[in-house]
Amino acid sequence: MGDATKFMKPVNVFPLVETIRHWSDWLRQGVVVYYRSLMLQVRGISCIFVATTVLAAPTQTPSTSAVAQIQSVLGAQQDAWNRGDIDGFMNGYARSASTVFVSQDEVGRGWETVRERYRVKYSERAKMGALSFSDTEVTMLSPDAAVVLGRWRLKRANDEPHGRFTLIFKRLPEGWRIVHDHTSAAKE
């Protein structure tokens, strides 16, 4: 027999460095391309979502509608007061034991308590005078809550008491109602 080395060829078990670099570059580029493609898809879906949300939005925003409804409640209260209708005026308040009315150094709790306070303090039509609200600012706290800052004035035969109020309105099943009223009188 002869020399076996004539029949054997050297085999390189490890790939060449150039081959490793080629495959690693290709793999890295593939990952980058995949990542960029994924990001474009996410951005595209986001853009579609934003576009459909904007296009599907109603022409009147909920806060605009809520502000108008709250101002309507205040207008109805003013009208009821000027008719001498305390019960109509009280329709602007939540008929709840948790309704709060604060004036001077007193805190009244409950719709009935607030109603009775008005009945006692304004027992005669002349004491009620003509009520006007002004400088009202409605600030939405959430879709179901708002705070209202404003001025009140009573025109009566012998005087014109006036002051400020801060009201917290809440959207209830029956509509927007006052759940907290803090009213103060100005010093003459």
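The following is a short exchange about a predicted model of one protein chain.

Trainee: What makes up the secondary structure of the protein chain?
Mentor: There are five helices and six strands. From the N terminus, the order is α-α-α-β-β-α-α-β-β-β-β.

Trainee: How do you know how far the predictor trusts the model?
Mentor: From the pLDDT, which runs from 0 to 100. The protein chain averages 83, and 67% of the residues score at least 70. Over residues 47-60 the value is below 50, and this stretch has one contact in the model beyond near neighbours in sequence. Where pLDDT is low, the predicted coordinates should not be read in detail.

Trainee: Why is threonine 99 called buried?
Mentor: Buried means under 20% relative accessible area. Threonine 99 has 1% relative accessibility, so it counts as buried. Across the protein chain, 24% of the 188 residues count as buried.

Trainee: Where is threonine 99 placed, and which residues is it in contact with?
Mentor: Threonine 99 lies in the loop between helix 3 and strand 1. Leaving aside neighbours within four places in sequence, its contacts include Tyr93, Trp111 and Ile178.

Trainee: What makes a set of residues a nonpolar core?
Mentor: The residues must be buried, be of the nonpolar kinds listed for a core, and be joined through side-chain atoms within 4.5 Å. The largest such core here has 27 residues. Those with the most contacts inside it are Trp81, Phe89, Met90, Tyr93, Tyr118 and Phe169.

Trainee: Which elements supply at least two residues of this core each?
Mentor: Helix 2 (62-82), helix 3 (86-90) and helix 4 (111-121) are among them, and so are strand 3 (130-142), strand 4 (145-155), strand 5 (162-172) and strand 6 (175-185). Helix 2 gives the most, with six residues.

Trainee: What does phenylalanine 169 touch?
Mentor: Not counting residues up to four places away in sequence, phenylalanine 169 touches Ile70, Val73 and Leu74, among others. Trp176, Arg177 and Ile178 are also on its list.

Trainee: How do you know that strand 1 and strand 2 pair?
Mentor: Pairing requires at least two bridges between the strands. Strand 1 (residues 100-103) and strand 2 (residues 106-109) have four bridges, in the antiparallel sense, and therefore pair. Valine 102 of this pair stands opposite valine 107 in strand 2. The hairpin has two residues between the strands, and glutamine 104 takes a positive phi near 55 degrees in it.

Trainee: In which sense do strand 1 and strand 6 run, parallel or antiparallel?
Mentor: They run parallel and are joined by four bridges. Serine 103 has threonine 183 in strand 6 as its bridge partner. Helix 4 packs on the sheet, touching strand 1, strand 2 and strand 6, and its direction makes about 40 degrees with that of strand 1.

Trainee: What joins strand 3 to strand 4?
Mentor: Ten bridges join them, and the two run antiparallel. Leucine 131 stands opposite leucine 154 in strand 4. A hairpin also links strand 3 to strand 4 through two residues.

Trainee: What is the strand order of the open sheet, and why do strand 2 and strand 3 stand at the edges?
Mentor: The order of the six strands is 2-1-6-5-4-3, with mixed pairing. Strand 2 and strand 3 each have a single partner strand, so one side of each is left without a neighbour in the sheet. The twist averages 20 degrees from one strand to the next.

Notes. Residues numbered from 1 in each chain as written. Predicted model: local features only at pLDDT ≥ 70, side-chain atom pairs only at ≥ 80, totals over all residues. Heavy atoms only, no water. Contact = heavy atoms within 4.5 Å. Buried < 20%, exposed > 50% of the residue type's maximum accessible area, 1.4 Å probe, protein only. Axes fitted to C-alpha atoms, helices over the stretch in contact; angles between N-to-C directions.
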